[in-house]
Amino acid sequence: MPSLRFPIPQGTLDMLILQILSLGPAHGYGIGQRLAQTSRDVVQVNQGSLYPALHRLEQKSWLAAEWRISETGREAKFYALTRAGRKQLKEEKASWDRLSTAVDLIFAEGA
Amino acid sequence: MRGILNHLRGRRAQLDRDLDRELAYHFERRVAELVAGGASHAEARRRANLELGGLAQVREAVRETWTWPTLDALALDLRYAIRTLRKSRGFAYGVGAVLTLALAANIVVFSVLNAVLLEPLPYPNAERLVAIETLWTNTGRVTPDVSGPDYLDWQAQSDVFAAMAAFYSNDYSNDEVPTVVGDRAVFANVQSTSGDFFGVLGQSAAAGRLLTERDAEEGVAAVAVAYDWAVTHFGSADAAVGKRIRVYGGDTEIVGVAAPGFRYPDGADIWGAGAVANDGDRADHVYRAVGRLRSGVALAEAQAQMRTIAAALAEEYPANRLKSTILVPLKEQLTEPVRGPLWLLMIASGAVLLIASTNIAGLLLARATERARELAVRAALGAGRARVARQLLMEGGVLVAASGAAGLLLAWLTTRLLLALSPLASLLEDARLVGPGVLLFAVSISLLALVSFTVVPALRVSRLDLMNGLRSGSKLVTPGGGPRWRSTLVIGQVALSVVLVVAAGLLLRSFVLLQHVELGYTRDRVVFAYMQHAVDESSPEAHDRTIRARIDFYAELLERLRRVPGVGAAAGITFLPMGKEVRATRDMFVDGQPATQFGERPQAEFYAITPDFFATLGIPLLAGRDFSATMDTRGRPETAIVNETFVRTVLGGQAALGQRVRWNERGPWWEIVGIVGDARWQAPGLPPQPTLFVPSFTGIGTSLSLAARTSLDEGALASTLQTLIRDLNPTVPVRIETMDRLFDSALARPRFLALVVGGFAAFAALLAAVGLFSVLAYMVGQRRRELALRQALGAQVADVLKMVVGQGLRLTAVGLVFGLVVALALTRLLEGLLYGVAPWDAATYAGATAVLGVAAMLAAFLPARRAAAIAPATALQED
């Protein structure tokens, strides 16, 4: 399967992780899968970016982590959104909307 | 924040394990996914591994999010640096020792310099305090002594001072005045002050009250005493107030005690009040004056006004014709004698630190090059070049921090020692020696040292060619750049060392010459009893009576002293030798010579002596006769004896016997009855001055000190003397000195300077030699193959030796040339400190060259031997 790997800015990845987790707790592998599936394989994040991002978000207290039994029966580290994380997500979404609207406007100008 | 907490709680190991588990889980899931997609287990693992892309890096990246990265990395670097240094202990201790010594030296010198020269005087508004000095317009000479009438006129006519005060100049007052406290006779440093002395210096009393202008004007018999003196003699400051003591024969009351630590001027113990006489002689410069500038008045403005006033006085009074006034900040006046030596020491120690730092820079670079392979591997494994450079910085930092701390401790200990031993002690009494300024300096030079020897190696590492470095046999650092740069360093080090060695050589020769100077009198086994017999000045009759008592006292004392077994001869003289009691010279008038102008008259030293003085001290009588007890006493014609230099300079070489001289314009003429050989009485370092002697039994002069030559032990004589004097008159305080001890203390400063600068020079030369050694060793290491090849092709051992030693000597020669030129230029500044040698003394320069030449040869010896010992076969086979 050809992999389309767009380099994702760190800030954007953080936002996407928060969004995925807003739908429910997940472990790192699951988050990666979800991102790929939902974006139809556009967003494929490698472990070198995913796990540092997860840990960073945890450091900032936007995520809380917990070791639980996963769907395979083995223990995995699940991340969940905290209240502060939810707030952060809302803010980032708003920023993203503003930015993409602006970009669209500029492209419309040129057309 | 969480990061630091993590760190502090030491959950690090746990976090690592969790992370491994987390990543392992991800790996398992991916493998399972691939297997489910049809891959074999092994294939799945392989692909999953590829996708993982470097477990170590992922780990690193995650770890960096855990804590404040810098803190974590720093901690790791620190541990690693300490480990590396521990592995090469010799290197670490060697560098550490050198650095500690160099840093300590700089800190000590700076703390003294700071306390003496940079910190303001410990008086309120110290920067507004000025000394008013006399400027002689014909010679440009400046003396701190001023005359009474001049001072009074300045006080009346100037408006730039908030307060002014005057006190008897040290040259004319005794700084050891006989004082009777209770039943004990002691010496005290008594200063007679007038004007608003304590007001000018902003002092307030610790007990009682301090003297005021009114006290001076009314001439009350009141004194203030120093804090320490009060505590020593009365137990506490309060206890001293109200007590009565006899100062120089006069009964006085202590009205107050000064604040602790205040001893101005010249370490005063007691301050008395005395008005400046307005009928004094304008040509008698017996006072010193200080003033506090009015706030808002600049020094230049005050100086201009004083100059105008002085010009007016010069017009009005013939005695002032050649005088003007100059204002000198008080701090400058007080520190003038030590300023030169202190800066000399600061520069010397700075040079040593510079040499040490550059040495260490070279050594660290050599080590970095050796460890290049190891560093390349670490960089390749993901440490990153910046990280590796940081590690080198950390190593240097550990060395510097440890050496800096040790250096600070050593400096503190040394300054304690210095306070006890050195001639600078008197200026340091009040000063704090390790204050914030000094700490700041210590940190600054440590950082400077660190920067100077880690920056270049760190930069080199950043430019490592990593791939090639991992291949064996390659050179990581281009050979051209390294040795050339280090050779330049060595040349610089040699040059600096030469300058120091030359300076040390000059100082050392000065000291040795001083030690052997022809004094003109005996030095062996001469004991001095320093005494002060008080004279009552309350009335002319009292004055007369006590003068006569004094003459009798000394006559009787000498009589008894001469009968003590072992005493070969004894006599008295008004002033001790060897700079113990430096006195200004006096104007001389010769009967028959044309009248001379004030300021242009011949000068001579002036002493009153007893008969047998010259015999006691071994000064030859060249013509005429010595004084005798019968012929030269009160009521007899006035006689005098002069020395050869006097005959030559004051009398113009004419026949002296029978000529008449005097030292003031109105006194009687004194007839010269004898000529004696020259003696360097006041300062061994100065050429003999014209000297005039008069008989003390005429009552003239101040109290005598006795000199006795003994063939037995000086110590026994000392106690005998003290008993003798106490028996005769218990109100006369005594202090015993030996000529040897006086001579030693006269030479204390030249000895100190020679030793310290010599120490620095030796250290610097050693460091330069080590620098040369390491450069040559490095070179030999780099050219192993070439040397081996040469040997295989038939070169003799001697040739190889010549090559290496030749290279060493070449470097040294260049350094020598530079250094000698710089030394020639700079040593001129030492002129004031030298004796008997010119700053361009050829012998010293030749000596310095020889010293460094020998050092260079020794430094080159070991690498040369190693070069010669390279077995061609093994070297050529090496990779």
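Me: What share of the contacts in chain A with a separation of 6 or more comes from residues 24 or more positions apart?

Reply: This is a predicted model, in which local features need pLDDT of at least 70, side-chain atom pairs count only at pLDDT 80 or more, and totals for chains, interfaces and linings use all residues; side-chain values use heavy atoms, with hydrogens and water left out. Residues are numbered from 1 along each chain as its sequence is written, while chains are lettered from A and ligands numbered from 1 in the order in which they are written. A contact means heavy atoms within 4.5 Å. For chain A, residues 24 or more positions apart account for a share of 50%.

Me: What is the corresponding share in chain B?

Reply: Chain B has 29 helices and 25 strands, where helices (H or I, at least four residues) and strands (E, at least two) are DSSP runs numbered from the N terminus. Among its contacts with a separation of 6 or more, the share from residues 24 or more positions apart is 81%.

Me: Which pattern of helices and strands does chain A follow along the sequence?

Reply: Chain A holds four helices and three strands, and its C-alpha atoms fill a box of roughly 55 × 40 × 20 Å along the principal axes. Read along the sequence, the pattern is α-β-α-α-β-β-α.

Me: How many of the residues of chain B, as a percentage, count as buried?

Reply: Buried means under 20% relative accessible area, exposed over 50%, and partly exposed in between, with a 1.4 Å probe and protein chains only. In chain A, 38% of the 111 residues are buried. For the 879 residues of chain B, the figure is 50%.

Me: How far apart are the centres of the positive and negative side chains of chain A?

Reply: Lys and Arg count as positive and Asp and Glu as negative, with His and the chain ends not counted. Each charge is placed at NZ of Lys, CZ of Arg, CG of Asp or CD of Glu. Chain A has 14 positive and 11 negative side chains, and the distance between the two centres is 4 Å.

Me: Which strands of chain B each supply at least two residues to the lining of the largest cavity?

Reply: On a 1 Å grid over the protein atoms alone, a cavity is a set of points where a 1.4 Å probe fits but cannot get out, and lining residues have an atom within 4 Å of a point. The largest cavity has a volume of about 80 Å³, the volume being the space filled by probe spheres set on points joined across faces, edges and corners. It is lined by 13 residues, with B:Ile619, B:Ala679, B:Trp681, B:Thr691 and B:Phe693 nearest its centre. The strands asked for are β18 (603-609) and β23 (691-695).

Me: Which element of chain B is included in the cover of the buried residues of α2(A)?

Reply: Helix α2 of chain A spans residues 28-38, and its buried residues include A:Tyr29, A:Ile31 and A:Leu35. Within chain A, the cover includes α1 (10-22), β1 (26-27), α3 (47-59) and β3 (75-81). From chain B it includes α2 (12-36).

Me: What is the phi of A:Ser61?

Reply: Most residues other than glycine have a negative phi, and most peptide bonds are trans. A:Ser61 lies in the loop between α3 and β2 (63-69) of chain A, and counts as partly exposed because its relative accessibility is 36%. This residue is not a glycine, yet its phi is positive, at about 65 degrees.

Me: What value does omega take at the peptide bond from B:Tyr264 to B:Pro265?

Reply: B:Pro265 sits in the loop between β10 (250-257) and β11 (270-273) of chain B. The bond from B:Tyr264 to B:Pro265 is cis, with omega near -5 degrees.

Me: Is B:Phe91 buried or exposed?

Reply: B:Phe91 belongs to helix α6 (residues 89-118) of chain B. Leaving aside neighbours within four places in sequence, B:Phe91 is in contact with B:Leu363, B:Leu364, B:Arg367 and B:Leu399. Its relative accessible area is 17%, so B:Phe91 is buried.

Me: Which residues does B:Ala848 touch, not counting those up to four places away in sequence?

Reply: B:Ala848 lies in helix α28 (residues 842-868) of chain B. B:Ala848 counts as buried because its relative accessibility is 3%. With residues up to four places away left out, B:Ala848 touches B:Val501 and B:Val502.

Terms used: 1 Å grid on protein atoms, 1.4 Å probe; cavity = no way out; pocket = protein on both sides within 12 Å on 5 of 7 lines; lining within 4 Å.
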